[in-house]
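The report below is meant to be followed with the picture beside you.

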Amino acid sequence: MTRRRYAAWHFLLLGGLLFLVQKTLLSEGSPMSSALDGLDSMEQVAPGQRDEEILYREALRRGLDRNDAVVRQRLIRNMRFLEPETSLEDEALYRQALDLGLDREDVVVRRRLVERMRRVLVSETPIVKPGTAELQAYLVDQGERFAIPARVRLEQIHFDEAEAAAQALAQIRRGEGDGRALRGDPLPLPRKLPSLSARELAGRLGPDFAARAFALEPGRWTGPVPTSYGHSLVWVHERSPERSPELEEVRLRVLGEWRAEREAEALEAALERLRVRAGWPAAP
Amino acid sequence: MFSKYWIRNLLAAGGLLGGLALPTFGEDSFERTEDRTRCEHYDALRNPFFGDLHVHTRYSLDASTQGTRTTPREASSFARGAPLGIQPWGGDGVPERQAQLRRPLDFAAVTDHAELFGETYLCTTPGAEGYDSLICAMYRRWPRLAFFFMNGRVGGTANPVRHRFCGDEGGERCRSAAAGPWKEMQDAAAEAYDPAPECRFTPFVAYEWTGGPTNMHRNVVFRNAVVPALPTSAVEATTAWQLWDSLESECRQGLPGCEVLAIPHNSNLSGGVMFESRNAEGEPLRSEDARKRIRNEPLVEIMQHKGASECSVATSAADELCDFESLDYDTFFARFVGILREEPVASNFVRPILGEGLVQQDRLGANPFKLGILASTDTHLGTPGLVMEDNYPGHGGAGVAVGKRLPAGLLDPIEYNPGGLAVAWSEENSRDALYAAFERRETYGTSGPRMRVRFFGGWDLPEDLCRGSDFVETGYARGVPMGGDLPPREEGGAPVFAVSALRDPGTPGHPGGLLQRLQVVKVWVEEGEAREAVFDIAGDPDSDATVDLDSCRVSGEGAESLCTVWRDPGFQPSQSAVYYARVLENPSCRWSTWVCNEAGSDCADPGSVTTGFEPCCAPDTRRSVQERAWTSPIWYTP
């Protein structure tokens, strides 16, 4: 057999395999099995695929298929598969593919166009980079998500037993010693803690302690307060309430979330306009 | 015809599945490379920060094949405490399960497989060239099958190549496409890193290098936002030596401000070759090789979802506590192919490797395996720090493809576990401070709980250190912390070690477990060979503490805190030695016991054990665990 005959057999073999692959791999539920000739049979498009169909049609209407590098590469590749011996240059093959309407028959082209159309719609809705005022407003509106928790700076003396802690406190209250000389029982935790949130405090002395520490009266020894390791006498030096952050403290996070929301809104609004035009408005 | 070698290579796919000076007041003890103000919680005496440096999201093929949709941004939100929807997904895109941490993490790194950023992106991005290739179609339709095909080509062989759909010229198309997920991972890390001085969360930019043929995987973690344009994958760098060269040329040397380290993991599944004492040419290590190795890899992940790598009862017979979340196979492929099952070899485990490091140190004057310790999860749900034994949803989608319902029964193989946490002793929760802790190995790993563990070594630490109020100050002033080297020995005497552990303070309604005991593990070199011994130094190994396996209620004696000072009784000044501490909680229910009980599986009544829950009653199933922490070692060099 000549080489050409081999090629023909290979072509048939590959074609058969691809057909089987298409039938088995890509059938039933796969997005790649959607009707390629759907342009004239709108009612046959499954509701879940209508948005995609709308996007695809809009892309074709705008001629996105005519200026897309991926589409172009794809079509040239398809043409070379169909005509392996061709001597035509890429540009000629591309034009030939368009003339043949191959851009409307190819699943990859379709999905490329759908995705590109999504991005085009998002980019067409002017999402002006938000100014500081806008981000600030968003931050205020979404306050809870960005709130910076209350903090407390305190000093604690650990006792293994509550009774011993209570006795020591009574001693201090009676004026027998000022507490600062009090040693308590050893525990490898700092006596003076830095300014901490409830979560950070819970990580050091336990959730029960953290839950109570913010209600203790500052400026005097109080307690004993139960910890995960015993009981502590506590001197609260300073408390700061929960606060809303300055924008600069959370700008990137605010900007990221703001942008993600705006893009989703922009896409939905643009899609809805297209749906109405196509006579497929979203279900109320 | 099919030798083990070829079977291993064929299935190699599985590789994927699968000395401190106290700072003076006002100065930082670490270099600040970022423009940030000091954190409000800054403490010169340091605090343990808890994190997870091994997290997979939708950009990891072996996560997305199981229905994981978590983005890097969502993984960070989850680590900060937000709830996250996880598979299975309803037809309307609504998740049927939710996961949430009981308390946030302090830091995390998303470490998706660098090899597959491009490929996964191409296969799931409609319109990407290659989307309709056979392998991509297979991936979308039969992801588990595609996993073996794709990883067999990309991650599982000694000489991986890109798929043809990646294009010519070394797969430039896939490398370019990888800029998508890689960029998104960087953006997500930047957004989650508030500059506010509260310093609640620190995200690191990272990825996983997934080298083969057995598990040679490393997580590559960057110090700050200065990172190479593309990750180095096992396609470009096929060996760990090439990875280290690449990190040197593309980061440390080639990119001003870039600093990076690599963290090996799952040496338990490396077939004994994760820590070979051979260089890139297969020759015995030279001192420069040892130095290169340790410059790149100062840490090892000692425990995670797919088992613990500390030690094995097969090679440390005297230490029955090595029987903890251990796998009875030594490579990932052997899990699927019985004839590949072999007894785990010593060189799969950290303890023998610390000993090998001493042997090499004596020979070369440089220790190639000077490894600090941490642990992580290796979650494939994008759920960093999800380590609770109770209410554990698995770390994958139970191996079930996208969109399918979860199978009945256990949602993770019975021998897997929820993984552990990485802990860094740091002045504050910022990248620079934590990274400095990684570099000096002042780290430890836990099997999940958040116990607070201090470990100091020195020559003249006071015997009564635990009774005073200055344990930490004295520890730093007169000794070295975990990860350090004992200073040169003074005349006479043996080294002294001070260990203190506070139990996990727990969360509301979920108190931490009580402590059972403290141990020091010593590894030393005698007549050219590494020896090991384990010492109980505090607590009560024979306590009556127990757990009721039906109710999971715990009872018996235990400690809220343990502290002791221990002097090595067998110290020989001429012998190199390394010491690390191990902290054990009282027994508690293993995750599988919680799940099996919930399902009503009563092993005394076979009829109660429903489909999928059979492993609950297998004879070798461990029903309780002793949660634990392992500190980084302290080294003695004669």
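This report looks at confidence, then at a pair of helices, and then at strands and sheets.

What you see is a predicted model. The model scores ipTM 0.83 and pTM 0.81. In chain B, the mean pLDDT is 87, with 85% of residues reaching 70 or more. Residues 1-25 of chain B are another matter: pLDDT stays under 50 there, although the model has 66 contacts beyond four places in sequence for this stretch. Where pLDDT is low, the predicted coordinates should not be read in detail.

**Two helices that cross in chain A**

Two packed helices are described by the angle between their axes and the distance between the axes. Look for helix α2 (residues 50-61) and helix α11 (residues 247-278), both of chain A: their axes come within 10 Å and cross at roughly 85 degrees. That makes α2(A) roughly perpendicular to α11(A). Which residues of α2(A) meet α11(A)? They are Asp51(A), Ile54(A) and Glu58(A), and across from them in α11(A) are Leu271(A), Leu274(A), Arg275(A) and Ala278(A).

**An open sheet in chain B**

Strands of a sheet pair through backbone hydrogen bonds, either parallel or antiparallel. Chain B has an open sheet of four strands in the order β15-β14-β16-β21, and the pairing is antiparallel. At its edges lie β15 (480-481) and β21 (561-567) of chain B, each of which pairs on one side only. A helix also belongs in this picture: α12 (residues 471-478) of chain B packs on the sheet, touching β14, β15 and β16 (496-502) of chain B. The direction of α12 makes about 35 degrees with that of β14(B).

Now find strand β23 (residues 624-631) of chain B. Is β23(B) largely enclosed or open? Six of its eight residues are buried, so β23(B) is largely enclosed by the rest of the structure. Strand β13 (residues 443-446) of chain B pairs with β23(B), and so does strand β22 (residues 577-589) of chain B. Opposite Thr631(B) of β23(B) stands Tyr444(B), while Arg582(B) stands opposite Trp630(B) of β23(B).

| Strand pair | Sense | Bridges |
|---|---|---|
| β14(B) and β15(B) | antiparallel | two bridges |
| β13(B) and β23(B) | antiparallel | three bridges |
| β22(B) and β23(B) | antiparallel | six bridges |

How values were computed
Residues numbered from 1 in each chain as written. Chains lettered and ligands numbered in written order. Predicted model: local features only at pLDDT ≥ 70, side-chain atom pairs only at ≥ 80, totals over all residues. Axes fitted to C-alpha atoms, helices over the stretch in contact; angles between N-to-C directions. Parallel < 35°, antiparallel > 145°, perpendicular 65-115°, else oblique. Contact = placed C-beta atoms within 7 Å. Pairing = 2+ DSSP bridges. Buried ≥ 20, exposed ≤ 12 C-beta atoms within 10 Å, placed from the backbone. pLDDT = per-residue confidence, 0-100.
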